[in-house]
Amino acid sequence: MIDQSNMTIKENWTGFIHLLQDRICAAIEECDGKAKFMEDKWERPEGGGGRTRVIANGEVFEKGGVNTSVVFGAVTENMKSQLKINGDKWFACGLSLVIHPLNPFVPTVHCNYRMFELYDENDAVLDRWFGGGTDLTPYYLFEEDAQHFHSTYKTVCDKFDVSLYPAFKKNCDQYFVNTHRNNERRGIGGIFYDYQRPDKNRSVDFWMDFGKACGNAFILAYLPIVEKRRSIPYSENNKHWQEIRRGRYVEFNLVHDRGTLFGLKTNGRIESILMSLPPTVRFEYDYRPEPGSEAEKLWKVCLHPVDWV
């Protein structure tokens, strides 16, 4: 437990994301049974640093990364123009993970929870917001898995406000989209929220507790699906389709993802920023799944999001 009695908001949140990183990494190692995370601590010359943990070549997980970062610095002209912020100094702290499984019947998953503060020249807080989410990217569609994943986050959201899940589910469906591919979604979504500022109705504690609850729900939302699908036999054709879909994942991360762009615009650590990319992908000209196939079934729900719960 974190003693919150004498902690600042930054210290409280920072302590949480480091504990969450430890818990998630331990659970993933236990699930894999073979591979272990390698930790790479790094420092950012302009201020702050992080702990990048990478797992690879496991029994279950082909590649994965669980990264925490606590970074800060001066607001640059580039940040003002690109990120539309206006202040003197900034602080950002969060956890970001992506797990790419070996078996194509096990979905890829992404999770990110973070806070941001903006200050004037006297260190007074000008702005503070929270963001985050968890989304699932399967290669083959098992409806009961989609229902389990979404139900887990709906349960968390409903404990805080029943209006949150439908709003954040819609946000997710509208954010993780390759607009350059006929609005094709990266996967089957989850929840996503950004720029949630404390106000008279929802305090700092509300958004911090909400982020913690969502972060803590990750293991329950994802690992039961992994255990259910990890031993399904698969073929080269299944791997081929997995790599086609991974290509779409790469396209979104490099073209549209705000977190990736923020890292690049603030001189973030490139190895940690790009840890989300899968180990192997395919880009084939005008590839289309075979009509009536399981691949096409997945592709159709990426084009037309479904209400799973």
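1. Gln-196 sits in strand E9, which covers residues 189–196. The model is predicted. Gln-196 has a relative accessibility of 18%. Buried means under 20%, so Gln-196 counts as buried. Leaving aside residues up to four places away in sequence, Gln-196 touches Arg-128, Trp-129, Phe-130, Phe-168 and Trp-207.

2. Glu-29 belongs to helix H1, residues 9–32. This side chain deserves a look. Glu-29 is buried, yet has no salt bridge. Lys-36 is the nearest side chain of opposite charge, 4.0 Å away. Lys-36 is also among the residues that Glu-29 touches, together with Ala-35 and Phe-37; residues up to four places away in sequence are not counted here.

3. Strand E1 spans residues 38–43 and strand E2 spans residues 48–56. They pair in the antiparallel sense, over 6 bridges. Asp-40 has Thr-52 in E2 as its bridge partner. The hairpin has 4 residues between the strands. Gly-47 takes a positive phi there, near 145°.

Note on methods
Residues are numbered from 1 along each chain as its sequence is written. This is a predicted model: local features need pLDDT of at least 70, side-chain atom pairs count only at pLDDT 80 or more; totals for chains, interfaces and linings use all residues. Side-chain values use heavy atoms; hydrogens and water are left out. Helices (H or I, at least four residues) and strands (E, at least two) are DSSP runs, numbered from the N terminus. Buried means under 20% relative accessible area, exposed over 50%, partly exposed in between (1.4 Å probe, protein chains only). Contact means heavy atoms within 4.5 Å. Two strands pair if DSSP finds at least two bridges between them. Lys and Arg count as positive and Asp and Glu as negative; His and the chain ends are not counted.
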